[in-house]
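Subject: Handover of a structure and notes on its contents

Dear colleague,

Please find below the structure that I am handing over to you. My notes on what was found in it follow directly after.

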Amino acid sequence: MLGRRGHRVTLFEQDERQAGEDLDGDFFRWDRPRVPQAAQPHSLLSPVRTVLRTEAPDVYADLLARGAREHHDFDWFGEHPPHRAGDEDLVTLRTRRIVLEAALTAAVRREPAVEVRRGRRVSGLVIEEGRPARVTGVRVGAATHPADFVVDTSGRRSPVPAWLTEAGCRPPVLDSHRAGIAYLCRWYRLRDDGPRDPGRVKTASAAPYAFAGVFPSDNDTFAVSVVLSTGDPTRGALTDPDVFEAVARRFPASAAWLALAPEPCTAVLGMAGLDNRWTTLADADGPVVTGLVNAGDSLIHTNPTFGHGVALGLRAAQYLAAHADRIAADPMVYHAWTVEALRPWFDAQVTADRADEQRLAEASPPSDRRAAARAACAFDDPVVMRARAQVRHLLRLPDEAYGADEVDRHVSKWLAARPDFTPQHDGPTREQWEALIPG
């Protein structure tokens with residue numbers, strides 16, 4: 001995006017390897033310890049589609065050509081309801097992350113204004129003293145590379161905050177919340193000679209102590225994911241593929257897809273030790289440094305339950321590219337925008353995670369009858385589904401979308417027709433779950 005606006009960009013990438021033409025080889029056999037989420041399932045939400053179609057339609061076309069598929073939230077219904085403005089954006093891209101990486105990598109290779117230096121790890125910043133200090137470049141080994149403007153995209157383990165503090169800058173502001181949630185997933189491929197349609201089934205199921213979901217993806221692949229508390233004593237047993245599948249078959253969502261007799265493609269892949277972390281290079285007195293901003297997981301890292309990472313990363317990239325000159329002169333332009341546009345989604349994730357952590361750890365039933373009714377009603381009522389989709393796709397915050405009078409009326413009507421409604425789980429009981437876990 002920067003290159004296409006006339007900026008000359010040098011990208012330092014510590015990995016020698018890049019996503020290429022062998023999607024399966026890159027996805028299933030590339031060991032990426034610094035990117036543990038790369039092999040986990042992704043849902044690329046509306047901002048991914050809208051940003052790419054606006055900024056890089058060639059990349060979006062390449063994504064579809066490589067096998068990514070569009071899925072509209074209203075596809076759940078037999079036919080879409082009458083169109084309203086914004087409905088066209090309620091689209092998920094179903095694909096593995098590697099497909100997006102390959103399309104972006106190919107576009108960067110075509111961009112004459114961008115030079116990529118692979119296998120080159122930035123080891124420090126070049127900082128001029130001042131109030132505040134200014135970053136004027138980066139160090140790579142013994143070499144110094146000057147820059148008018150530096151963007152830190154080195155992820156949730158970025159060394160930049162420590163470098164700034166060591167250089168005498170005021171410390172960046174860090175807000176971190178450990179997510180006591182663990183993920184286990186396994187990838188499958190539908191067989192050419194086998195069944196391919198699981199029927200009209202939801203992609204998520206729940207028990208009091210666990211969630212299970214299915215992620216239909218590109219090129220006949222899909223992932224089954226199980227989410228539970230990091231403190232669950234049965235967590236380790238689920239790394240056994242036989243145990244994992246036995247458990248997954250007790251949830252309607254994953255059972256319907258596993259009934260298609262797909263071919264397993266991976267072992268059971270785990271991920272935990274996650275934080276919701278917000279790192280801003282500004283405090284109440286202004287920027288802690290100029291000439292430098294952060295983006296992607298260096299700025300905002302969220303537990304991946306809601307799939308916000310790529311979407312928020314691309315929104316930040318688009319804003320940075322569009323306002324690069326202003327931000328280079330005054331980084332508070334960017335910091336103020338991130339607080340307004342991105343921070344509310346971070347706070348919403350923290351709030352949701354706290355509730356999920358408690359529920360999973362205590363195996364407690366849903367306590368909010370109306371919220372449970374709203375979730376169930378969405379699959380019967382397009383008005384409520386629209387609000388659900390707007391929240392899911394980062395288009396409206398929950399209080400705004402669900403607080404609308406129209407949504408409230410539709411939920412009330414749905415409840416009135418079901419006076420005996422009580423929140424239910426469709427997954428196994430704890431006794432059924434533990435009966436599947438080896439002694």
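Strands β11 and β12 form a hairpin, with 2 residues between them. Helices (H or I, at least four residues) and strands (E, at least two) are DSSP runs, numbered from the N terminus. Please note that this is a predicted model, in which local features need pLDDT of at least 70 and side-chain atom pairs count only at pLDDT 80 or more, while totals for chains, interfaces and linings use all residues. Residues are numbered from 1 along each chain as its sequence is written, and side-chain values use heavy atoms, with hydrogens and water left out.

Strand β11 (residues 204-207) is joined to β12 by antiparallel pairing over 4 bridges; two strands count as paired if DSSP finds at least two bridges between them. Within this pairing, Ala204 lies opposite Gly213 of β12, and Ser205 lies opposite Ala212 of β12.

On to the next strand: β12 also pairs with β13 (residues 221-229), again in the antiparallel sense, over 7 bridges. Here the bridge partner of Ala210 is Leu228 in β13. The hairpin of β12 and β13 has 4 residues between the strands, and Asn219 in this hairpin takes a positive phi near 50 degrees.

How many of the 7 residues of strand β12 are buried? The number is 6, so β12 (residues 210-216) is largely enclosed by the rest of the structure. Buried means under 20% relative accessible area, exposed means over 50%, and partly exposed lies in between (1.4 Å probe, protein chains only).

Strands of a sheet pair through backbone hydrogen bonds, either parallel or antiparallel. An open sheet of 3 strands in this model runs in the order β9-β16-β21, with antiparallel pairing. Its edge strands, each pairing on one side only, are β9 (173-179) and β21 (300-301). Strand β16 (residues 274-280) meets β21 in antiparallel pairing over 2 bridges, and Trp278 has Ile300 of β21 as its bridge partner.

Elsewhere, Thr144 belongs to strand β7 (residues 143-146) and is partly exposed, at a relative accessible area of 47%. Between Thr144 and Gly270 there are 126 residues in sequence and 39 Å in space, C-alpha to C-alpha.

**Aromatic rings**

A pair of aromatic rings is described by the distance of the centres and the angle of the planes. Rings of Phe, Tyr and Trp (its six-membered ring) pair if their centres lie within 6.5 Å; planes under 30 degrees apart count as stacked, over 60 as edge-to-face and the rest as tilted. By this rule, the model holds 12 aromatic pairs. One of them joins Phe251 and Trp433 edge-to-face, at 6.4 Å centre to centre and 85 degrees between the planes. This pair links distant parts of the chain, 182 residues apart: Phe251 is in the loop between α6 (241-248) and α7 (252-258), and Trp433 is in helix α16 (residues 430-435). Phe251 is buried, at a relative accessible area of 0%, and Trp433 is buried at 0% as well.

The rings of Trp414 and Phe421 also form a pair; their centres are 5.2 Å apart and their planes are at 75 degrees, so the pair is edge-to-face. Trp414 and Phe421 are both buried.

Charges are found over two tryptophan rings. A charge sits over a ring if NZ of Lys or CZ of Arg is within 6 Å of the ring centre and within 35 degrees of the ring normal. The charged end of Arg32 sits over the ring of Trp30, 4.0 Å from its centre, and that of Arg200 over the ring of Trp76, 4.1 Å from its centre.

Yours sincerely
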